[in-house]
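Hi! Here is the structure I promised to pass on. Have a look at it first, and then read my notes below.

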Amino acid sequence: MEILGEVEESVRELREYFKSGSTRSVKWRKTQITALVELLHDHEDAIFKALNQDLGKHPVESYRDEVGVVAKSANNSLNCVEKWMAPKQSHVPLLFFPAKGELLPEPLGVVLIFSSWNFPISLALDPLIGAISAGNVVVLKPSEQAPECSSFLANTIPQYLDSKAIKVIEGGVDVCEQLLLQKWDKIFFTGSPKVASIVMSAAAKNLTPVTLELGGKCPAILDSLPNPSDFRLAVRRIVGGKWGPCSGQACIGIDYVLVEDKFKNVLVDLLKRIIKKFYGEDPKESKIIARIVNKHHFERLCNLLKEPLVQASIVHGGSVDEEKLFIEPTILLDPPLDAQIMMEEIFGPLLPVITMNRIQETIEFINSRPKPLAIYAFTKDETLKRKILSETSSGSVVFNDTMVQFLCDALPFGGVGQSGIGRYHGKFSFDTFSHEKAVMHRNLCLEIEPRYPPWNKFKMQF
Ligand code: NAD
């Protein structure tokens, strides 16, 4: 009851403030984004510490995937927001002469942002930049599963940003439920498909638009690549894309690799060598590999490995340490396709390698599962590339690399089907938090009589 009162009061205050129009000016938007850049700059060490406490992330990883990502988005927004806000002329057919058409972006109003724990800073602040750029007022609900980052955001955001327009509300499921009882003008959710359907049902009651940034199983296709150095580079990028960001706890991380049977041994051998090179002989002692976020996810991942046929398929790693919440980078060769590890999103440092007779079969394999957030394909074969593009559906496709699409503001980021609804990043974030209003300017001269009754034959011909 107490939470509900607090939530209702926050939303009421935000709505009042939005009505005042203060958040619509370019000046307000730029001031807020500049303040966010200052926040990142002033508290970089505190952010690194919070990310290390919540997830064991190394500062280099924290800069690359969190602080750096947000700073890049903020600077892009500062450079472009005026251009994004400007009305765009639209061609109006002669039939309407004299008339001018334009598309005018307007803020949606009071928006709710739910973020996830795996990139608890960037997945909270990146959408926030979009919402502010578009002139909205915001409630940000960071993930309770990254508590240090959540309290960092709750403590520092009010010191830098306009607290009449941007409120951070911390909490778990009970708070989420109270938030979902409110009327919002937009809900932006990053998380699992399961919770997304709860969010979407709540939003439907008020016809609130949603953006759902979800996950799924992202495959990486490894084609033959006859040149050994190309093959090595591809496998290096696979290791980087699997274990690099948050130890595999990444929505666009590689879930499994598809390869032709004849290349499986060389692939597994290279994977092992590169893992050793990156994380040393004993990755548990390495300070550069993130740990599993909490006991719940640790146990979930251990359970994925428990099935006897899955255990039998482990060709590298497999050791776990409950106290340190550590799971070794683990490779599985052809685990049963009906095992849980091949049915649900892994979201952790386990990598199944699935072999096929012919690389073309990968397309059928991918299409027999829900649409992924990303498909990665290492190939120089233009025909295969075209087949992947035209015969599969996914949020994004990246050829010959992994994860880099997340950093490119020129491309929209989002899923399709089970992997999400809507998109953001760069100008796409601004659009996600705006309504583009259709405006037609007419004047009061040149009247066409046939548009009015009484109707007659002459008017029909007109
Ligand atoms: P989650 O769905 O458990 O939680 C996400 C958010 O929803 C959190 O803020 C949480 O507090 C809230 N929540 C939890 N239970 C709720 C309930 N019953 N009602 C309302 N809200 C509730 O997801 P997670 O564990 O934080 O993240 C993992 C999932 O997120 C994975 O599926 C992953 O692929 C996906 N993800 C997607 C992206 C993306 O950008 N597409 C990024 C990161 C993670």
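P454 sits in the loop between strand 18 (434–442) and helix 17 (457–461).

Before you go on, two things about the model. It is a predicted one, so local features need pLDDT of at least 70 and side-chain atom pairs count only at pLDDT 80 or more, while totals for chains, interfaces and linings use all residues. Residues are numbered from 1 along each chain as its sequence is written.

There is another cis bond to look up: F97 and P98 are joined by one, with omega about 0°. P98 belongs to the loop between strand 1 (88–90) and strand 2 (99–107). You'll find M403 between strand 16 (396–399) and strand 17 (420–421). For background, most residues other than glycine have a negative phi, and most peptide bonds are trans.

Now zoom out. The protein has 17 helices and 18 strands, and its C-alpha trace spans about 80 × 60 × 40 Å along the principal axes. With 462 residues, a compact globule would have a radius of gyration near 23 Å, and the 25 Å of this protein agrees with that. (That radius is taken over C-alpha atoms, and the globule rule is 2.2 Å times the number of residues to the power 0.38.)

UniProt, in an unreviewed entry, lists residues 6–439 as "domain: Aldehyde dehydrogenase". UniProt positions are given in the numbering used here, feature names are shortened, and annotations may be inferred rather than shown by experiment. That span is 45% helix and 18% strand, and its end C-alpha atoms lie 38 Å apart.

The unreviewed entry also has an "active site" annotation, which covers E213 and C251. E213 is in strand 7 (residues 210–213).

What surrounds the ligand? Its shell has 29 residues, and the closest are C176, G191, V195, G215 and C251. (A residue counts as near if its C-beta atom, placed from the backbone, lies within 6 Å.) Helix 7 (173–180) and helix 8 (193–205) each supply at least two residues of that shell, and the largest share, four residues, comes from helix 7. By type, the shell divides into twelve nonpolar, twelve polar and five charged residues. Here Ala, Val, Leu, Ile, Met, Phe, Trp, Tyr, Cys and Pro count as nonpolar, Asp, Glu, Lys and Arg as charged, and the others, Gly among them, as polar.

Last, some helix packing. The axes of helix 3 (residues 44–55) and helix 4 (residues 59–85) come within 10 Å and cross at roughly 105°. Axes are lines fitted to C-alpha atoms, for helices over the stretch in contact, and angles run from 0 to 180 degrees between N-to-C directions. Helix 3 and helix 4 are therefore roughly perpendicular; angles of 65 to 115 degrees count as that, under 35 as roughly parallel, over 145 as roughly antiparallel and the rest as oblique.
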